[in-house]
Amino acid sequence: MAFTFHHIKTRSSFRETYLRIAEDNDSLIAPAHRWGAFFGLFGLGSDEFFLVTTGNTSSVHSTLQGIESIETVRSIELEPTARPTTDTRLTREGLYVFRFFGVLNKDVERIVNLSAEAWTFFEKSDEYQAEPQGLFCEADRTKAKGLMLLVTWYDGLNSWQISRRPPPEAAANFQERATLTYFTKPFATRLLS
């Protein structure tokens with residue numbers, strides 16, 4: 001499965017541009033389709049949104065650049081790792097946190113294994129509701145350094161805050177994962193429907 005992350009900055013409010021992309025069941029970006037589109041709660045301006053496309057995404061970047069209401073588009077071609085296992089569009093309401101990790105590409109597999117193992121405990125907590133939706137690496141890992149993207153669903157900000165103290169079985173893996181990253185940058189978003 002191929003995924004592409006697009007950070008879109010519009011010339012005014014993001015909503016008009018998003019509606020143009022989403023109309024007629026995403027016909028503008030076909031043969032690709034939308035995995036999700038997200039507006040910012042924290043970290044994104046009112047003139048920005050994230051779009052994650054899947055399928056045949058090769059022409060989406062140039063299509064988006066051709067939309068008059070879009071000022072800039074930054075796109076990253078991604079490869080799913082432990083999740084997602086399908087390219088089904090996201091539909092669940094709630095908080096979606098996008099967390100970018102700067103990594104050495106040689107450590108990607110270790111980070112994936114640590115994350116997948118930690119999730120078996122992280123997701124079972126009775127104190128909060130959270131579910132990682134996707135852990136992606138860059139499609140091109142020929143350079144020494146790269147990016148990973150973790151997209152996690154929470155039922156709200158309270159769950160996100162409480163989950164900063166995950167179960168001990170998950171915390172150890174998350175701590176080791178942190179030692180394998182040289183920066184992180186999170187964004188709090190909500191899914192556009």
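Predicted model: local features only at pLDDT ≥ 70, side-chain atom pairs only at ≥ 80, totals over all residues.
Started with β5 (residues 95-104) and β8 (residues 181-191), which pair in the antiparallel sense over nine bridges.

I found α3 touching β5, β6 (130-138) and β7 (145-154). The direction of α3 makes about 175° with that of β6.

**The whole barrel**

I then traced the strand order. Eight strands close into a barrel, and I read the order as β1-β3-β2-β8-β5-β7-β6-β4, with antiparallel pairing. On average, neighbouring strands of this sheet are turned by 35° against each other, direction ignored.

**Around β6**

I stayed on β6 for a while. How many of the residues of β6 are buried? I get seven of nine, so I noted the strand as mostly covered.

I checked both pairings of β6 that I had listed. With β4 (residues 70-80), β6 pairs in the antiparallel sense over three bridges. Glu79 is the residue I found opposite Cys137 in β6. With β7, the count is seven bridges, and the two strands run antiparallel. Leu135 has Leu150 in β7 as its bridge partner. I also followed the chain from β6 to β7: a hairpin joins them through six residues.

**α3 against α5**

Back to α3, now for its helix contact. I have α3 as residues 108-122 and α5 as residues 168-179, and they pack at an angle of about 160° with their axes 8 Å apart. That angle makes α3 roughly antiparallel to α5. I logged the crossing of α3 and α5 as left-handed.

Which residues of α3 meet α5? I wrote down Arg110, Ile111, Leu114, Ser115, Glu117, Ala118, Trp119, Phe121 and Phe122. On the α5 side, they meet Glu169, Ala170, Asn173, Phe174, Glu176 and Arg177. Sorted by class, I get eight nonpolar, two polar and five charged residues in this contact.

Last, I went through the peptide bonds and phi angles. The background I kept in mind: most residues other than glycine have a negative phi, and most peptide bonds are trans.

I have two cis bonds in my notes. One joins Ala30 and Pro31, with omega about 15°. I placed Pro31 in the loop between α1 (14-26) and β2 (33-42). The other runs from Arg83 to Pro84, with omega near -5°. Pro84 sits in the loop between β4 and β5.

Phi of Asp24 is near 50°, which is positive in a residue other than glycine. I located Asp24 in helix α1. Is Asp24 buried or exposed? Its relative accessible area is 62%, and the cut-off for exposed is over 50%, so Asp24 is exposed.

Asn25 gave me a phi near 55°, again a positive value in a residue other than glycine. Asn25 lies in helix α1. With a relative accessible area of 61%, Asn25 is exposed.

How values were computed: Residues numbered from 1 in each chain as written. Heavy atoms only, no water. Axes fitted to C-alpha atoms, helices over the stretch in contact; angles between N-to-C directions. Helix = DSSP H or I, 4+ residues; strand = E, 2+ residues; numbered from the N terminus. Parallel < 35°, antiparallel > 145°, perpendicular 65-115°, else oblique. Left-handed = near helix turned anticlockwise from the far one by under 90°. Contact = heavy atoms within 4.5 Å. Nonpolar A, V, L, I, M, F, W, Y, C, P; charged D, E, K, R; others polar. Pairing = 2+ DSSP bridges. Buried < 20%, exposed > 50% of the residue type's maximum accessible area, 1.4 Å probe, protein only.
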